[in-house]
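Welcome to this guided tour. Open your viewer, keep the selection tool ready, and follow the stops in order.

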Amino acid sequence: MVAALGLGRGGSSSAAEQVFRRGPVVLGTAFRIRAAETDPTYRGQLLAHGYGSLTPEYEMQMDGLEPQRGIFNFVQADRAVEFARAHGMTVRGHTLVWGKQLPSWLTRPSARWTRATLLPVLQQWIRTVVAHYAGLVGEWDVVNEPLNDDGSLKRNLWERLIGPDYIRIAFETAHATDPAAVLYINDYSTEWLDAKSNALYALARKLLGEGVPLGGIGFQVHSNTRTPVITRQLEANMKRFGALRLRTDVTEMDVDMRTLTAAPQAKLRAQARIYADAAQACASSPTCWTFTTWGFTDKYTWLGPAAQPLPFTARYAAKPAWQAITARLGHHARANHV
Ligand code: G3I
């Protein structure tokens with residue numbers, strides 16, 4: 001029973017206590033350190049809106065960090081972490097175990113991995129990265145996107161060669177390396193009550209029942225104007241995962257507007273509504289600590305500028321979406337970070 005409540009995560013008591021938010025939701029964004037260093041307007045705007053949490057958008061992926069087996073290149077990720085901390089912002093580590101962005105030495109067929117040979121690779125990767133950022137990165141997306149839409153486990157490299165317990169092993173390895181870090185499963189299309197979120201819920205309960213140090217669920221919420229967020233379903237999901245004593249954060253939100261044929265103002269209003277609904281769900285959930293958008297300006301988005309998915313335009317004008325988010329979260333832009 002203790003484990004099922006998440007108390008058996010084995011983490012420090014502070015980790016177990018840090019489930020229910022005691023203050024306002026922290027507003028966050030993914031960011032690109034290369035843009036922050038080369039685009040002064042991007043840097044200034046990134047620091048002007050009171051963000052309290054930053055997620056390196058891609059600088060911590062395995063292909064960039066361990067380009068050759070056992071050879072780690074932390075240069076760019078270090079600059080990203082230093083930038084965030086220098087401006088008083090916390091860092092979400094993204095991501096340790098994913099089926100994408102894997103280095104070629106890992107994916108080339110000639111590697112002929114087995115469980116016995118791949119497990120030490122996974123453990124050394126996690127130990128090295130989490131140790132490098134211990135005390136600097138307080139939250140990790142330990143396992144990213146493990147589930148298919150039907151709720152089955154994705155047959156990524158780790159699952160195929162190590163088996164389903166790659167997830168348990170990843171969390172236990174990360175926790176052993178930094179017991180203070182809050183450890184998340186992060187996935188998309190989990191904001192509704194359906195096969196995928198049900199499977200994620202069953203996985204979370206199973207892991208907690210085994211005493212695995214799972215600390216939170218990241219709801220990516222890559223939304224769009226065709227399949228909008230349903231507030232009560234996201235709230236219900238956050239409530240049931242929260243009842244397992246897990247944090248329930250929004251980690252990668254954006255709202256692709258290409259799926260709506262309407263006048264520009266109508267599209268902006270529709271986008272704002274969707275952001276408002278997700279922000280409302282987070283604000284009303286005591287286990288939703290951070291609300292992170294996947295970037296903040298349409299100038300830098302993985303979806304391409306035509307999607308216009310973010311709260312600020314490519315020229316950094318605030319959209320109705322920004323007002324919708326900040327109103328629901330009770331967020332007031334702090335003074336610029338010095
Ligand atoms: O900016 C560099 C450019 O200077 C360089 O010349 C070029 C070629 O190496 O790379 C460019 O960086 C690319 C970066 O996107 C910015 O465009 C990286 O190669 C590319 O890997 C990176 O893709 C990222 C992708 O994840 C894979 O890591 C996207 O930015 C990022 O938005 C996307 O984010 C994912 C989350 O990790 C997981 N959830 C879904 C989300 C969207 O796919």
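**Before you start**

You are looking at a predicted model, in which local features need pLDDT of at least 70, side-chain atom pairs count only at pLDDT 80 or more, and totals for chains, interfaces and linings use all residues. Residues are numbered from 1 along each chain as its sequence is written, and side-chain values use heavy atoms, with hydrogens and water left out.

**Stop 1: the whole chain**

Show the chain as a cartoon and you can trace 13 helices and 9 strands. Helices here are DSSP runs of H or I with at least four residues, strands are runs of E with at least two, and both are numbered from the N terminus. Along the principal axes, the C-alpha atoms fill a box of roughly 55 × 45 × 40 Å.

**Stop 2: the ligand**

Now select the ligand and the 15 residues around it; Arg34, Glu57, His94, Glu145 and Glu252 come nearest. A residue counts as near if one of its heavy atoms lies within 4 Å. This shell divides into 4 nonpolar, 6 polar and 5 charged residues. In this grouping, Ala, Val, Leu, Ile, Met, Phe, Trp, Tyr, Cys and Pro are nonpolar, Asp, Glu, Lys and Arg are charged, and the others, Gly among them, are polar.

Which ligand atom is 2.7 Å from an N or O atom in the side chain of glutamate 252? Zoom in and you will find a nitrogen atom of the ligand there. Next, pick tyrosine 58: an N or O atom of its side chain is 3.5 Å from a ligand oxygen. Glutamine 61 also has a polar side-chain atom 3.5 Å from an oxygen atom of the ligand. Taken alone the ligand exposes 780 Å², and the protein buries 59% of that; these accessible areas come from the Shrake-Rupley method with a 1.4 Å probe.

**Stop 3: the largest pocket**

Rolling a probe the size of a water molecule over the atoms shows where empty space is left. On a 1 Å grid over the protein atoms alone, a cavity is a set of points where a 1.4 Å probe fits but cannot get out, while a pocket is an open set with protein on both sides within 12 Å along at least five of seven lines; lining residues have an atom within 4 Å of a point.

The largest pocket has a volume of about 510 Å³. Select Glu145, Gln220, His222, Glu252 and Trp302, which lie nearest its centre among 25 lining residues. Strands β7 (222–224) and β8 (247–256) each supply at least two residues of this lining.

**Stop 4: the second largest cavity**

Select Ala30, Phe31, Tyr42, Glu57, Gly295, Phe296, Thr297 and Tyr300 to outline the second largest cavity. About 30 Å³ of space lies inside.

**Stop 5: two backbone details**

Go to histidine 94 and follow its peptide bond to threonine 95: this bond is cis, with omega near -5 degrees. Threonine 95 sits in strand β3 (residues 90–97). Finish at arginine 112, in the loop between α6 (104–107) and α7 (115–132). Its phi is near 45 degrees, a positive value in a residue other than glycine.

Note on methods
Grid points are joined across faces, edges and corners, and a volume is the space filled by probe spheres set on the points. A polar contact is a pair of N or O atoms within 3.5 Å; within protein, one must be able to donate a hydrogen and the other to accept it, and residues adjacent in sequence count only if both atoms are side-chain atoms.
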